[in-house]
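Dear colleague,

I am passing on to you the structure that we spoke about, and below it you will find notes on what was found. Please read them with the structure open beside you.

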Amino acid sequence: MHSNSSVASELQLRTFRGKMKALIIDGYVDEPACFGVPPYISPYIRYLAGAMREQGIHMQDIFYSAIDSIRLNPKVHEKIIREADLVVIIAGMTVPGKYLRSTPVSLEELHILSRTATGKVVLGGPIRLGFSSEGGKRASSLSGLENAYCCGADVEAFVYDLLNDGKLEDPVNVTERFRSVQDIGRWAKKGAFIIRQHPDYPDVMCELETYRGCGRRKHCSFCTEPFYGKPDHRPVEDVIAEVQALYEEGARYFRIGRQPDLLSYQSKDKGGDLPVPYPMAIESLYRGIRAVAPGLQVLHMDNANPATIAAFPDESEEILTTIVKYHTSGDVAAMGMESADPDVIRRNGLKVMPYEMLSAIELINEIGVKRGTSGMPELLPGLNFVHGLMGETKETFRLNYDFLKKVLDSELLLRRINIRQVIAFEGTPMFGNDAAVGRHKKEFLRYKEKVRKDIDLPMLRKVVPAGTILRNVLLEVNDGNTTFGRQMGSYPLLIGIPAKRATGHYTDVTVIDHGFRSVTAISYPLNVNNAELGLLQRVPGMGKAMAANIFRERPYKNTQELMDKTGVKSDILRYIEI
């Protein structure tokens, strides 16, 4: 699949051992089972760098640019793009998302990038499955891109073959193929060096792949994961070796996120509707990662199939217990419920009925609800809901809300509830059957607001009550007099500090208030000698009168002087310092 059969054909083919320059442009990816928006870096980037290196391009001649960096300094990057013999752009958003400080590459930017390059340009990644802004149309809709070859299979394998035999071949003469687990076992290790060029380094979350593809016999009507075929599991030792290589390059933040169901990793197909989980594989994986990365700061997971938990509770309990043993707290098991409407579930091939989902939520809570060292619970479930599916009616909204209310009233905790409208991608059953999309727009907006107000807000107050101390919050964005930050990890909680603070460093905070999907916090401990009066007033238990008294009498030499001068209560002292 290509846009121009004469892609850079006027360029002389040249040997490149130590001479060729290659540029990887990260346009960011967001898939049902892979995430690559900063501070995350997707596996595709590292596989590409490793494939290039294995084919003889020297490390110092392999460059990486995030699309955000190109926007910030276009002139400098224009020179880099023009000087590259090979430009590979990774992109593709097959699920909609909102991001704190990054924006995925746009179609207009893809045109600009391809026009700017003088070398060969290859476009790849999940964009081959479709482009969400184009209504889920296949990558063939990008055929208007100048000077660019749109790869219809695995771009890392395509680039490896493009560079074969010491020459940069014409893309139209290279057969597209899918990479093997043996390929990425080599490339992942050899490409680990590229993380040092990420603009967030060393604060980079490395997304790790265990397998891809969906093993279900009936697939969800809207999901693109089945396009990757049947699951092809990576050997445990390969994933561990990749982590070791990344750790040696300075990586300290990891998420086992590139798979549709972590609990099914290395599972055994015994002929049923679902493969049987294999707990020993998860034990070996997590124990091995801890052995080669002893100083890691974050080890989280992503996707879990609630149907696996409901069908195999004993094996799932063993796996979840292992995860909590070896991971870091604040972890999230994201589960796709999609709908609580039985008719919608049946018509769209969804995974679980409401009672099965409830049992999965209960088991994860039983094992993971204890608060960990980060200040967050060890492991909580996250739920995904999708609207606009086949069979959806106004009654669907009530059923979804009632299910969530039941979870809340049962004193079970959810880390987050994701509510989105479906994107019908070409090749899925929803494509051409998406009449429900937008049909109930007013009901959808009312329902979403009701969930945020009546479910999300009280749930968040339970997950992180006022006074909770959250550790290692990375300050990322200034917005007026508010600084926003997050802990590194899966679905980190957005934290707003009502003061302007320098970004790019970590701090501990005390939660003081709650929004629908975020919290307000102040620095922990708060220094009473230099804190703004407004912040002093928001210390838990402080009150305006006490804060004014403390503010008026400062500075203080020590805690005893503070107590003598102000009569501050002892329960407040845990949140402040001199």
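**Cavities and a pocket**

The largest cavity has a volume of about 50 Å³, where a cavity is a set of points, on a 1 Å grid over the protein atoms alone, at which a 1.4 Å probe fits but cannot get out, and where a volume is the space filled by probe spheres set on the points, which are joined across faces, edges and corners. Please keep in mind that this is a predicted model, in which local features need pLDDT of at least 70 and side-chain atom pairs count only at pLDDT 80 or more, while totals for chains, interfaces and linings use all residues. Residues are numbered from 1 along each chain as its sequence is written, and side-chain values use heavy atoms, with hydrogens and water left out.

The structure holds 4 cavities of 30 Å³ or more. The largest cavity is lined (an atom within 4 Å of a point) by Y44, G125, P126, R128, A153, D154, V155, E156 and Y228, and this lining divides into 5 nonpolar, 1 polar and 3 charged residues.

The second largest pocket, a pocket being an open set with protein on both sides within 12 Å along at least five of seven lines, has a volume of about 400 Å³. Of the 24 residues that line this pocket, Q297, V298, S329, S374 and M488 are the closest to its centre, and the elements that give two or more residues to the lining are strand 10 and strand 14 (469-479). By class, the lining of this pocket has 9 nonpolar, 12 polar and 3 charged residues.

**The sheet**

Strand 3 pairs with strand 8 (residues 205-209) in the parallel sense over 2 bridges, and C206 in strand 8 is the bridge partner of I41.

T396 lies in helix 13 (residues 394-409), a helix being a DSSP run of H or I with at least four residues. Leaving aside neighbours within four places in sequence, T396 is in contact (heavy atoms within 4.5 Å) with S339, D341, V344 and G391.

With best regards

Technical notes:
Pairing = 2+ DSSP bridges. Nonpolar A, V, L, I, M, F, W, Y, C, P; charged D, E, K, R; others polar.
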